[in-house]
Amino acid sequence: MDHTPSRFTGATRYVLDPELAGIVNISMALEMPLLLKGEPGTGKTMLAHAIADSLGMPLIVLNVKSSMKLVEALYQYDTLTRLNDSRFGDSVRNVSNIEEYIKMGKIGRAFTSETRSVLLIDEIDKADTDFQDDMLDVLDQMEFDIIEIDKVVKAVHRPVIIITSNAKKDLSDPFLGRCNFHHIAFPDPKMMRKILDVHFPGLDENLMESAIAAFYKLRELEAVEKKPATRELINWIRALRSDPDFKPKKLLKGEAPFLGVLFKKSGDYQRAAEFTNRRRLF
Amino acid sequence: MFIDFFYTLKNAGVPVSPTAFLTLHKALGKGLVHSLDDFYVTARSVLVKSERYFDLFDQVFAHHFEGAELPDAEGVEVDEMARALLEEWLKNPELLAKALDVDESELSDLTPEELIDYFKERLKEQTEAHHGGNKWIGAGGTSPVGHSGYHPGGMRVGGVSRNKSAVKVAMDRRYKDYSLEGPLTPSMMNEALKRLRNMVPAGPKDRVNLDETLYQTMKNAGEIEIIFERSLKDRLKVILAIDNGGWSMDPYIPMVQTLFNYARAQFKEIKTFFFHNTVYDYIYEDPARYKKPRKVSDMARLDSETRLIMVGDASMAPYELMTADGSIHIEERSGRSSLEQLRFLSETFPHSVWLNPVPERMWRYTQTVSMIRRIFPMFELSIDGLEGAVARLMEKS
């Protein structure tokens with residue numbers, strides 16, 4: 001749910017299932033990173049937000065990119081500013097002191113933060129395996145070197161580390177060995193009702209039931225590239241509610257307006273449209 | 001504590017490591033676990049690292065702590081066979097009905113679930129093994145219908161082919177998608193294929209070239225001159241063509257799966273094609289070799305710098321390779337033999353290799369292997385072979 005605007009309202013907007021809560025607590029006590037897998041849109045990223053919120057810790061998000069090097073996540077040596085300062089000499093920084101030109105990256109910030117923080121490493125599967133293994137070394141040791149000034153940065157407080165992965169393939173063995181693992185399954189209708197309750201307090205019972213029924217039916221469609229997930233359902237309900245002409249009864253009849261909110265790929269959209277049209281005839 | 005549990009898990013096939021087991025004990029020692037539920041959650045998140053094994057873990061857990069029965073291997077086997085029978089049934093009801101000695105119409109009223117149950121019953125009924133018989137379903141018999149049979153003019157129902165030149169496979173298995181996850185980890189292939197890269201500058205000029213900046217700044221008498229450049233990106237184009245037809249490739253599927261998984265994750269520009277035994281007029285973009293044919297002759301339009309990797313056992317009847325109408329598919333009759341098509345491919349793409357999952361020592365026993373070796377440099381699909389193939393692909397022509 002990384003695109004939900006409700007970013008920092010966290011725990012009040014996140015339905016935590018007790019099993020997952022247990023796993024989070026154990027990972028924190030064992031001081032091990034927690035690796036979360038699951039379909040996109042099952043709330044992996046939201047969990048980190050919820051933890052940070054309920055524990056009152058700052059959240060630091062590292063969005064992994066495919067071209068990323070580990071150093072970028074640790075620190076950055078700002079050579080250009082230094083060059084500029086040495087040319088003009090009008091800055092407050094001391095040009096001969098390299099340390100003043102070192103900026104902390106996300107992991108570096110989590111290590112040097114004065115309070116314990118939650119470090120979310122999002123979509124680790126995008127980077128190559130070397131990055132993953134090297135990063136785990138750093139997280140294991142809780143320290144890294146800044147080569148330019150030969151200084152070791154040690155973690156003041158061990159951050160709570162949450163790692164998410166969308167990949168279907170497994171990560172490397174040494175990586176997995178150092179993490180705890182949890183797979184977030186797609187919520188069942190009962191759980192989904194709770195989630196919707198949290199997002200839309202006082203939602204019309206009729207609308208909720210028929211929307212959930214229609215949603216799970218559409219999810220059963222075969223050969224769909226990207227199945228709609230919680231995020232899509234929430235946006236869909238938002239769309240349905242904003243349409244003054246919409247009546248929940250229509251859903252029961254097999255009509256499904258705003259299909260484009262649920263199905264984002266053109267092939268999927270067509271398939272879903274055909275499916276709903278066919279159902280309406282009977 | 002729980003050492004039995006650990007070994008039951010290991011024996012059931014869940015990959016558990018001793019380190020993880022020690023971590024579990026650490027968790028127990030910290031007093032984090034107060035109930036069996038807590039233990040279940042802790043043990044699973046610490047010991048099991050992939051959702052693929054969650055189900056197995058649940059079964060072992062239930063067995064160990066609640067005394068539930070472990071599913072016995074035999075039951076699983078019957079299940080598997082029943083499912084295989086169902087698949088056959090869906091493809092060719094007549095044939096199977098005949099084999100089971102029942103009326104086809106009788107079975108066609110049943111739902112798939114009922115069919116599975118029916119097949120299970122039939123399989124249990126067959127108490128003695130019928131391997132080698134000539135009437136009932138069994139393995140290795142000479143009945144025209146059966147598993148791994150060798151019946152010169154008969155039809156093959158499935159199984160692993162023993163004599164690789166089984167001519168005209170009557171029923172192509174139309175769906176064998178290698179992209180399904182295999183249990184092997186690609187990390188070893190990772191090592192071997194790492195050198196298969198072609199770094200070229202690409203994209204916007206958004207990276208500062210520090211050395212050049214300093215040089216130009218000095219040249220400019222200290223007036224700062226910032227030099228930008230394009231960052232290096234891997235722009236290697238790869239075509240992976242996989243033999244996924246027929247039964248002769250079946251034993252090697254896990255190996256090819258690993259390669260396929262790796263290739264998909266690693267290369268930015270990769271095209272995957274499928275063919276059956278060897279290449280005739282068309283190769284296919286879909287694993288079922290049905291929907292998206294591409295004319296082989298059209299390949300000439302692609303960049304000749306593309307690396308072509310063929311994967312297949314290169315084993316077939318010689319005439320399938322050499323005669324102009326060797327294809328088992330009627331629609332492929334262009335008058336060019338497969339050998340010519342292969343030669344055409346290797347000329348179009350000077351950087352090409354053939355990976356063969358069959359061990360190298362077996363190659364000289366199959367005639368077609370040595371014929372194809374004369375066209376493509378052939379390497380064994382093993383770590384060593386891959387290294388050789390990569391070196392060959394990166395050679396300057």
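Mentor: In chain B, 64% of the contacts with a separation of 6 or more are between residues 24 or more positions apart; contact here means heavy atoms within 4.5 Å. The model is a predicted one, in which local features need pLDDT of at least 70 and side-chain atom pairs count only at pLDDT 80 or more, while totals for chains, interfaces and linings use all residues. Residues are numbered from 1 along each chain as its sequence is written, chains are lettered from A and ligands numbered from 1 in the order in which they are written, and side-chain values use heavy atoms, with hydrogens and water left out.

Chain B contains 15 helices and 9 strands. These elements are DSSP runs numbered from the N terminus: helices are H or I with at least four residues, and strands are E with at least two. Of its 397 residues, 43% count as buried, a word that stands for under 20% relative accessible area, with exposed meaning over 50% and partly exposed in between (1.4 Å probe, protein chains only).

Two residues illustrate these terms. B:Gly312 lies in the loop between strand 7 (307-311) and helix 12 (318-322) of chain B, and it counts as buried because its relative accessibility is 0%. Leaving aside residues up to four places away in sequence, B:Gly312 touches B:Asp243, B:Met249, B:Trp354, B:Leu355, B:Asn356 and B:Pro357.

B:Ile270, by contrast, belongs to strand 4 (residues 269-275) of chain B. Its relative accessible area is 22%, so B:Ile270 is partly exposed. Its C-alpha atom is 6.0 Å from that of B:Lys237, a residue 33 positions away in sequence.

Aromatic residues also come together in chain B. One aromatic cluster is formed by B:Phe5, B:Phe39, B:Tyr40, B:Phe57 and B:Phe61. Rings of Phe, Tyr and Trp (its six-membered ring) pair if their centres lie within 6.5 Å; planes under 30 degrees apart count as stacked, over 60 as edge-to-face and the rest as tilted. The whole structure has 16 aromatic pairs over all chains.

There remains the side that faces chain A. Here 33 residues of chain B are in contact with 29 residues of chain A. The size of an interface is often given as the accessible area lost when the parts come together. Between them the two chains bury about 2,600 Å², 61% of it on carbon and sulfur atoms; this buried area is the accessible area (1.4 Å probe) lost on being put together, summed over both parts.

The rule finds 5 residue pairs in polar contact across this interface, both residues at pLDDT 80 or more. A polar contact is a pair of N or O atoms within 3.5 Å; within protein, one must be able to donate a hydrogen and the other to accept it, and residues adjacent in sequence count only if both atoms are side-chain atoms. On the chain B side, the elements that give two or more residues are helix 2 (18-29), helix 3 (36-47), strand 1 (199-208) and helix 10 (210-219). Helix 3 gives the most, with 6 residues.
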